[in-house]
Amino acid sequence: MSLIDELVEHMRNAPANVRYADLCKVCDHYFGKARQESSSHRVYKTPWPGDPRVNIQDDKGKGKAYQVRQVLKAIEKKESRHDSKE
């Protein structure tokens with residue numbers, strides 16, 4: 001199991017206890033370099049139309065739980081779109 005897989009599994013099991021740095025690693029892996037990086041926010045572009053972004057925020061070194069859940073949904077959507085194209 002890769003580090004990213006382990007981090008995603010941890011995110012699923014404990015969304016309220018995810019380090020912001022780990023959340024950034026996962027988002028960088030799935031969505032590429034953040035199109036906006038400020039001290040407390042990162043915004044990632046997603047490959048589908050509609051609301052094409054994932055926004056995460058540093059909350060005292062942790063990712064916000066609702067944003068962790070949004071990232072997990074975006075990952076699932078990206079993977080399901082990839083699977084349906086094969």
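I took helices (H or I, at least four residues) and strands (E, at least two) as DSSP runs, numbered from the N terminus. This is a predicted model, so I noted that local features need pLDDT of at least 70 and side-chain atom pairs pLDDT 80 or more, while totals for chains, interfaces and linings use all residues. Residues are numbered from 1 along each chain, and side-chain values use heavy atoms, without hydrogens and water.

Pocket. I used a 1 Å grid over the protein atoms alone; a pocket is an open set of points where a 1.4 Å probe fits, with protein on both sides within 12 Å along at least five of seven lines, and lining residues have an atom within 4 Å of a point. The largest pocket holds about 230 Å³, the space filled by probe spheres set on the points. β3 (53-59) and α3 (65-85) each give its lining at least two residues. With five residues, α3 gives the most.

Helix pair. I found the axes (lines fitted to C-alpha atoms over the stretch in contact, angles from 0 to 180 degrees between N-to-C directions) of α1 (residues 3-13) and α2 (residues 20-31) within 10 Å, crossing at roughly 120 degrees. That makes α1 oblique to α2, the class left after under 35 (roughly parallel), over 145 (roughly antiparallel) and 65 to 115 degrees (roughly perpendicular). Contact (heavy atoms within 4.5 Å) involves I4, L7, V8 and M11 of α1 and, on α2, D22, L23, K25, V26, H29 and Y30.
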